[in-house]
Amino acid sequence: MALPPGLHALQDELLARNPAQPSPLLRGRLLSAVRRELGRESSRRMVRGGFWSFAAATAAAALLWANFSMSAVNSTDWSFAAHGDSAKIRETAERIRGLLPEMSDGDALRHALLLHAGSRLIMTPDPRRPAVDNHPMEIEEDW
Amino acid sequence: MTEPPVEERELLRDLAAGREAAYARLYDQYGRALYATALRITGSREEAEDTVQELFTSLVRSRRHLPGTRNLKGYLFASLRRAAIRVTSTAGPRAAAHDATAEHASEPDSQRATSDRAGQLERAVAALPTEQREVISLKIDGGLTFAEIAAVLEISPNTAASRYRYALEKLRALIKEG
C-alpha cells in the first residue's frame with residue numbers, strides 16, 4: 001500500500017522509536033507458568049489413565065470370573081447317579097458304550113442320565129431298542 | 001495456502017509435544033513484539049505481562065492443534081488479542097490509565113528532546129480509537145502484514161489497509177493538535 005509522503009514519514013517515526021520492553025523477570029515467570037500448566041496436564045492425564053486402568057482391570061476380572069464359573073459348572077461331577085436308580089443308569093451307560101465304544105465313560109454316563117430323566121435334547125441312538133430299528137430307512141428289495 | 005517454513009514446522013511440533021525449551025524459543029522470538037502489542041491494547045504494563053502469560057498458558061492447553069497452524073505469527077497475535085480481552089475483563093479498574101505513555105517520564109535529560117517527541121507520539125497513539133490503535137500496534141509493534149492483520153481482526157485485507165491509513169491520518173492530526 002502506497003502511503004502519501006507525510007504519512008510515510010510518520011510511519012517511519014513510529015517504526016524507529018524504541019518499542020516497550022517487558023520486565024526481564026517476565027521470561028522466567030512465564031516459563032514457570034508453562035511448566036506448571038504442563039505438569040497439571042500430565043497429572044490430569046494420569047488421573048484419567050488411572051480410571052481407565054481400573055475399569056479395564058475390573059472388566060478383565062469379571063470376564064475371568066465368568067469364564068471360570070462356566071468351566072467349573074461344566075467340569076463338576078454332581079454325582080446324580082448316586083441318588084437315582086444307579087444300577088439301571090449304569091446298565092444303560094454300558095449299553096451306550098457297547099454301541100459307541102469310542103465314547104468315554106463320563107459321556108456315556110451323562111447320556112444315560114439324560115435318557116433316564118426323559119430328556120430328548122440330545123440326539124443319540126436309543127440303546128434299548130433292537131439294533132435293526134436303528135436303521136428305519138432300510139429299503140426292502142422285492143424283485 | 002503455503003506451508004510454513006521448516007523451522008516453524010519444527011517449532012510447532014515441539015510446542016505440540018509440550019517441550020518447555022520450545023516455549024522459551026517462542027518467547028525469545030516473539031515475546032517483545034507480543035508484549036508491545038499487549039501494552040498497546042491494554043494500556044497497562046501489568047496487564048500486558050499478564051496477557052502474554054495468559055497467551056502462553058492457553059497455548060499449552062491447546063497445543064495439540066498447533067501442528068495444523070499455517071501462520072504461527074498470525075495465530076499468536078489473534079490469541080494475544082483474545083487473551084487481552086480475557087485479562088482486561090477480569091482485572092479491576094486500573095490506577096494508571098496508560099503506562100505506555102508514562103514510560104518516558106523517567107528518562108535522563110540527554111534523551112529528553114527525542115523523548116518529548118516519542119512521548120507525544122505515544123500519547124497520540126493512546127488517544128486513538130481502539131480499532132485504529134489495534135491496527136497500528138499489529139503493524140508497527142507486531143510487524144504483521146495486512147493479510148495477517150486481516151486474519152487476526154477477522155476483516156478483509158483491504159479494510160485492514162484502509163483502517164491503518166485512517167489511523168495514521170488521525171495520529172497526524174492528534175500530534176498537530178497536541
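This is a predicted model: local features need pLDDT of at least 70, side-chain atom pairs count only at pLDDT 80 or more; totals for chains, interfaces and linings use all residues.

Biologist: Okay, how many helices and strands does chain B have?
Modeller: Chain B has nine helices and zero strands. Along the sequence the pattern is simply α-α-α-α-α-α-α-α-α.

Biologist: And what share of chain B is buried?
Modeller: Of its 178 residues, 49% are buried. Looking at contacts in chain B between residues at least 6 apart in sequence, 66% join residues at least 24 apart.

Biologist: Now the other partner. How many residues are in contact between chain B and chain A?
Modeller: On the chain B side there are 38, and they are in contact with 29 residues of chain A.

Biologist: What area do the two chains bury between them?
Modeller: About 3300 Å², with 63% of it on carbon and sulfur atoms.

Biologist: How many salt bridges turn up across the interface?
Modeller: The rule finds seven between chain B and chain A. One example is Asp50(B) with Arg29(A), where the closest N and O atoms are 2.7 Å apart.

Biologist: Which helices of chain B supply the side that touches chain A?
Modeller: At least two residues each come from α2 (20-42), α3 (45-61), α6 (112-126), α7 (130-141) and α9 (157-177) of chain B. The largest share is from α2(B), with 10 residues. By type, that side of chain B has 19 nonpolar, three polar and 16 charged residues.

Biologist: Can we zoom in on a chain A residue there? What does Arg17(A) touch?
Modeller: Leaving out residues up to four places away in sequence, Arg17(A) touches Arg40(B), Leu121(B), Glu122(B), Ile140(B) and Asp141(B). With Asp141(B) there is a side-chain to side-chain polar contact at 3.4 Å. Arg17(A) lies in the loop between α1 (5-16) and α2 (26-75) of chain A.

Biologist: Why does Arg17(A) count as buried?
Modeller: Because its relative accessibility is 12%, and the cut-off for buried is under 20%.

Biologist: Switching topic: α3(B). What length does α3(B) reach, and what would be expected?
Modeller: The 17 residues of α3(B) reach 25 Å from first C-alpha to last, close to the 24 Å expected at 1.5 Å a residue.

Biologist: Is α3(B) mostly covered or mostly open?
Modeller: Mostly covered, as 12 of the 17 residues in α3(B) are buried. Among them are Val52(B), Leu55(B), Phe56(B) and Leu59(B).

Biologist: Which residue caps the N-terminal end of α3(B)?
Modeller: That's Ser44(B), with a side-chain oxygen 3.4 Å from the backbone nitrogen of Glu46(B). Ser44(B) is found in the loop between α2 and α3 of chain B.

Biologist: Is Ser44(B) buried or exposed?
Modeller: Buried, because its relative accessibility is 5%.

Biologist: Last one. How many residues apart in sequence are Ser44(B) and Thr88(B), and what is the distance in space?
Modeller: Ser44(B) and Thr88(B) are 44 residues apart in sequence, and their C-alpha atoms are 9.6 Å apart in space.

Technical notes: Residues are numbered from 1 along each chain as its sequence is written. Chains are lettered from A and ligands numbered from 1 in the order in which they are written. Side-chain values use heavy atoms; hydrogens and water are left out. Contact means heavy atoms within 4.5 Å. Buried area is the accessible area (1.4 Å probe) that two parts lose on being put together, summed over both. A salt bridge is a side-chain nitrogen of Lys or Arg within 4 Å of a carboxyl oxygen of Asp or Glu. Helices (H or I, at least four residues) and strands (E, at least two) are DSSP runs, numbered from the N terminus. Ala, Val, Leu, Ile, Met, Phe, Trp, Tyr, Cys and Pro count as nonpolar, Asp, Glu, Lys and Arg as charged, and the others, Gly among them, as polar. The expected span of a helix is 1.5 Å times one less than its number of residues. Buried means under 20% relative accessible area, exposed over 50%, partly exposed in between (1.4 Å probe, protein chains only). A polar contact is a pair of N or O atoms within 3.5 Å; within protein, one must be able to donate a hydrogen and the other to accept it, and residues adjacent in sequence count only if both atoms are side-chain atoms.
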